[in-house]
Amino acid sequence: MKRPVIFRKRFIPSEVIELKDDVLLYRDDAMLVTRWNTLKPRHDMAGGISLYLIDKGCKISRIHDAFGRFLHYYCDIIHTDYSAENDTYIFTDLLDVIVHRDNRYSVVDLDELADALEGSMIDTAVMCEALRSANRLLNSIDNGEFHSYTNLIERYVSM
């Protein structure tokens, strides 16, 4: 499987990082699945498997510790820019949702999203996209649909 070039973009702090060490496990027009280790050593996690749901504007990551034990799901609300010519994705992180083992969730970085809008780093169209994608994700957690995504990720855990 040909590996696309994948970048993670953040506004606060401002950075664009190529995820060159991520391993592509699956790809189609609507999603990617990757396995990755943290870019820098961390005590709270070691890596994960990420499901990029491009048409839904989110990335769902199954986070594990250094022993491979499941910790939680970390969801990024993303804006995707794709160049077919270069086969390059730029996934811009807009907002985060942590889904705990007991299905409770925490929404984080709302202040950074507001700061990005105030600082003209994003426009109202991207803000609206982020809010709609976050709403869709939170509804999927509340109505049980989220488990269909986590079940899909689980297929790749032992690969």
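The largest nonpolar core in this predicted model has 32 residues, and the members that touch the most others are Leu51, Ile60, Ile122, Leu137 and Phe146. At least two residues of this core come from each of strands S4, S5, S6, S7 and S8, and likewise from each of helices H1, H2 and H3. Helix H2, residues 124–143, gives the largest share, with 7 residues.

Let me take Ile60 as an example. Beyond its neighbours within four places in sequence, Ile60 is in contact with a set of residues including Leu51, Tyr73, Leu137, Phe146 and Ile153. There is also a second, separate core of 8 residues, among them Ile6, Leu24, Leu32 and Ile78.

I turn now to the charged side chains. The count of salt bridges is 8. One of them joins Asp76 to Lys59, with the closest N and O atoms 3.3 Å apart. Asp76 belongs to strand S7 and Lys59 to strand S6, so this pair ties together parts that are 17 residues apart in sequence. Are these two partners buried or exposed? Asp76 is buried, at 8% relative accessible area, and Lys59 also counts as buried, at 13%.

A further salt bridge links Arg69 with Asp65, at 2.7 Å from N to O; here Asp65 counts as buried, with 12% relative accessibility. Arg104 and Asp102 meet in another, at 2.8 Å. Arg8, Arg10 and Glu15 form a network of salt bridges.

Finally, the surface. Tyr105, Val107 and Leu110 make a nonpolar patch of about 230 Å².

Methods. Residues numbered from 1 in each chain as written. Predicted model: local features only at pLDDT ≥ 70, side-chain atom pairs only at ≥ 80, totals over all residues. Heavy atoms only, no water. Patch = residues over 30% accessible without salt bridge, like charges linked within 9 Å, V, L, I, M, F, W, Y side chains within 5 Å. Areas by Shrake-Rupley, 256 points an atom, 1.4 Å probe, with all protein chains shown as cover. Salt bridge = Lys/Arg side-chain N within 4 Å of Asp/Glu carboxyl O. Core = buried A, V, L, I, M, F, W, Y, C linked by side-chain atoms within 4.5 Å. Buried < 20%, exposed > 50% of the residue type's maximum accessible area, 1.4 Å probe, protein only. Helix = DSSP H or I, 4+ residues; strand = E, 2+ residues; numbered from the N terminus. Contact = heavy atoms within 4.5 Å.
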